[in-house]
Amino acid sequence: MTEKRDALEEGIWELCRQAKEIEVPPDILPSVLKLLQTRRCRLALGYRLGPILSFIALSLLFLRLFTFSPGVILNLVRIFLLFLSLATGTVFLFQPEKMIEIDRKILGDYLLKFGPKATPFQEEILFRVQAIYFILIGFIICRI
Amino acid sequence: MPEENSLVARSKKGDLQAFEQLIKSLQARLYRVAFLLSGNREEAEDLLQDTFLNLYQSLPRFQGRSMVYTYAYRILINLHRRRVRKRKRVTEPLLEDIVASTPSGTEIFAKQEQNERLRVAISKLPPLLQEVIVLRYLEELSYQEIATRLGINEGTVKSRLHNAKRGLRKILTKKNL
């Protein structure tokens, strides 16, 4: 039993010795950074344009569904509220991290005392779900 | 550690220079683990590259409860497992094929064969047991150091190592490797 264990351990040491002799290829770091840079450029464009394009698309779609009321002021208020809920919805949907930041600032004292209850991933999901809620409010405003 | 924290904070904000510094400090250790698990340079390079890309993406979720190395190490292990699983689905395991077809006439080949078998067995261990094998034999840490690194007690380290070796023996005999 002891002999078997020793042979196994010896084998593991041998494998690790081989792995330790390996030199890191010098081209890994530059290729990772290049990939990240390209990806970041693409993401940055999507990140900037995503909310704007969705806001425009949703506004056009919802304005087509808009049922006008008899009063002009009421219509203006409704259109303002519609744009507000769509803008909030698209920001929540595409840039939840901004809302997370604001939320954390508001809850600053509480977080200092008790620490965060949700993981950043859970926070993101929460804000994205809220985005759907805001877009639905926009839809309801259209159909009142 | 404070320097690492500031690099992480800057990387989270998208500072690629900080991220470069951060991965420079991790790459040698992670590359050795990748090589130990995959068994060849090309795959180890691929694995390391994917690990860094994943690390950059998931860094905003990193809360600093462990060292960045531990976090990156877990990404690497998960990626390796996913690759092995994928490969198994497409074809029979590549390493095992190579091992099976390796001529065993000479002592050198026999040794290589033995190493490959052991490598396959290590990569089949559960992540928790793999981790202690890496820390003990590759990084040559003492039980005490492993315990501090993993935030567990020395007894748990010893029992995990014992279980890892028992697991390896089981895999090696079960698969007749």
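Okay, let's start with B:Leu76: skipping anything within four places in sequence, B:Leu76 is in contact with B:Leu30, B:Val33, B:Ala34, B:Leu47 and B:Thr51. Contact here means C-beta atoms, placed from the backbone, within 7 Å.

Quick housekeeping: this is a predicted model, with local features needing pLDDT of at least 70 and side-chain atom pairs pLDDT 80 or more, while totals for chains, interfaces and linings use all residues. Residues count from 1 along each chain as its sequence is written, and chains are lettered from A, with ligands numbered from 1, in the order written.

Now, the largest nonpolar core has 42 residues, and B:Leu76 is among those touching the most other members, along with B:Leu30, B:Val33, B:Ala34, B:Leu36 and B:Ala72. A nonpolar core is a set of buried Ala, Val, Leu, Ile, Met, Phe, Trp, Tyr and Cys joined through C-beta atoms within 7 Å; buried means 20 or more other C-beta atoms within 10 Å, exposed 12 or fewer, partly exposed in between. Which helix gives the largest share of this core? That's helix 2 of chain B, with 11 residues; helices are DSSP runs of H or I, at least four residues, numbered from the N terminus. Domain 1 (1-90) and domain 2 (104-177) of chain B both contribute, so this core lies between them; those bounds come from an automatic or database assignment.

On to the chain contact: 24 residues come from chain A and 29 from chain B. On chain A's side, helix 1 supplies the largest share, 10 residues.

With 11 C-beta neighbours inside 10 Å, B:Glu140 counts as exposed.

Methods
Contact = placed C-beta atoms within 7 Å. Helix = DSSP H or I, 4+ residues; strand = E, 2+ residues; numbered from the N terminus.
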